[in-house]
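Thanks, everyone. Please have a look at the model on the screen, and I will walk you through parts of it.

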Amino acid sequence: MRASFVFSEVLTGLRRNITMTIAMIITTAISLFLLGGGLLIVRMIDNTQELYQDKVEVSVYLTNDVSATDKTCTADPCKGLRSALESDPAVDAVQFENREQAFERFKRIFEAQPELVKLARPEALPASFRVKLKDPDRPEVITQAYSGRAGIDTIADQNEFLERFFSALNGVRTGVFFVAGIMAIAALLLISNTVQLSAFTRKTEVGIMRLVGATRWYTQLPFLLEAVVTGLVGAIVAIGLLVVGKMAFADDVLRDPIEAGVVSSIGASDIAFVTPILMLIAIVISAITGYVTLRLYVRT
Amino acid sequence: MIRLEQVSKVYKTSTRPALENVSVEIDKGEFVFLIGPSGSGKSTFLRLLLREEVPSKGRVYVANFDVARMARRRVPRLRQSIGCVFQDFRLLQNKTVAENVAFALEVIGKPRHTIKKVVPEVLELVGLEGKAERMPSELSGGEQQRVAIARAFVNRPLMLLADEPTGNLDPDTSQDIMLLLERINRTGTTVLMATHDHSIVDSMRRRVVELDLGRVLRDDARGVYGVGR
């Protein structure tokens, strides 16, 4: 196989259908960009989940009554609850936080809003047990076992909030994948069309090639490579778009939550992670589309 | 070299067979005219040899190939042993004369140094030395057909199939092309030429196979085109 021959055929083909080539690159790039964006969101969800994994706690809030009277948790029902929680096999660690400590923490969290702190009274905050679980994914064990016991007001599970947050992210991801899929269909049709056009404009050449006994590889490889090359260029453009998108948009919009440690940032390593995936998808899809088109529409 | 055994070919779109029970044998080194009116089956005959078509019935042998039954992937080998020339030359207009000839070798993966050597040789054989860098559009019809013959012959095929090679040329130029085909025939290459050209057939006095409505009408060892046609 003469590589230089095939290569020059590919370049000629791409140049000859330059408008189609550009359209193909653009649609492929947009489709892969959206796909890559979706993949980055998935990465972000995973990383953020990890971020929360060892922080997730269940807060068991005590009744107003207990909060007011038992500051050290030395009397029942507080004492009994504590020892019950501590001996619970699902529990990793228990920390008691009385009203004053809760108020201190409140002040710390809302440092930036002194007017809010000024309004708050320790009496408004309940004492609580902050329970760390052995399996952070199963907070319902505690919720079910302790709800309604004497001295307990409510049990709050941070997972509920996180689940809502993640399901919002998941929704965005699904939407992005959906649009990426539609764009991919457009890209596919364009690739197929371009291969047909390319084969048509080179009918004489291909005819001669077949006549003098060129193998199928020689007659068809240029067309296949044409599709693959445009696919790859599309993937490179898509990755460029992702980098630009990350720097111009994600880093900026999400700066505060990232710095606060609420969500994980999208790093260069995440983009490095999706790069080979996008490239591979571009190559495989364009090659398959090209091959199928040649089999269906071009006589060998 | 070429053997057709009771070959019939019916196209799906036609009720009448394009070829009907045709048996012809052509030996190595022969020069054979295939004549007959349009629609008599000449083109189908040639297409069967190239495995552009498969016969509906019968067997086709070319060199050592059982053409009708061979595997698809071996078809390129068959075609590499057959050179083809057409009425409309079929040159690539964006390539020079030398590039057109070299193309036939490039696409079957011949090494570059071989191509560099044999292309000038074959151009000299067909009388186009010094025109290697011309574009097809700068050449006369006769010269273009010489390029096509050079391309067909450059890989030294066992046989040359020519489908109306003089159809677009004036009588004098046609005569030159026939001399060239004779010269190629003298190198031991079998030549099978489909034609309508009475004067050429009559003047060459070679074997003539005449087809009519898909049947072999006659097969004369030293024939003429025939009277009244």
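This is a predicted model: local features need pLDDT of at least 70, side-chain atom pairs count only at pLDDT 80 or more; totals for chains, interfaces and linings use all residues.

Residues are numbered from 1 along each chain as its sequence is written, and chains are lettered from A and ligands numbered from 1 in the order in which they are written.

Chain A, then. It holds twelve helices and four strands. Helices here are DSSP runs of H or I with at least four residues, strands are E runs of at least two, and both are numbered from the N terminus. How is chain A spread out? Its radius of gyration is 31 Å, well over the 19 Å that the globule rule gives for 300 residues, so chain A is more spread out than a compact globule. That radius is taken over C-alpha atoms, and the rule is 2.2 Å times the number of residues to the power 0.38. Along its principal axes, the C-alpha trace of chain A spans about 100 × 40 × 25 Å.

How much of chain A is buried? Of its 300 residues, 35% count as buried. Buried means 20 or more other C-beta atoms within 10 Å of the residue's own, exposed means 12 or fewer, and partly exposed is in between, with C-beta atoms placed from the backbone. Now contacts: two residues touch if their C-beta atoms, placed from the backbone, lie within 7 Å. Take the contacts in chain A between residues at least 6 apart in sequence: 84% of them join residues at least 24 apart.

Next, two helices of chain A. Helix α10(A), residues 216–253, packs with helix α12(A), residues 268–297, at an angle of about 150°, and their axes are 8 Å apart. Axes are lines fitted to C-alpha atoms, for helices over the stretch in contact, and angles run from 0 to 180 degrees between N-to-C directions. α10(A) and α12(A) are therefore roughly antiparallel. The cut-offs are: under 35 degrees roughly parallel, over 145 roughly antiparallel, 65 to 115 roughly perpendicular, the rest oblique.

Is C73(A) buried or partly exposed? With 19 C-beta neighbours inside 10 Å, C73(A) counts as partly exposed. Leaving out residues up to four places away in sequence, C73(A) touches C78(A), K79(A), R82(A) and F96(A).

Now the contact between the chains. Chain B gives 14 residues and chain A gives 13. On the chain B side, α2(B) gives the most, with four residues.

Last, chain B itself. Six of the eight residues of helix α1(B), residues 42–49, are buried, so α1(B) is largely enclosed by the rest of the structure. Among them are F45(B) and L46(B). After α1(B) comes R51(B), with a positive phi near 60°.

Further along, helix α3(B), residues 97–106, and helix α4(B), residues 112–125, have axes that come within 10 Å and cross at roughly 125°. α3(B) and α4(B) are therefore oblique to each other. On the α3(B) side, the residues that meet α4(B) include V97(B) and L105(B). That's the tour.
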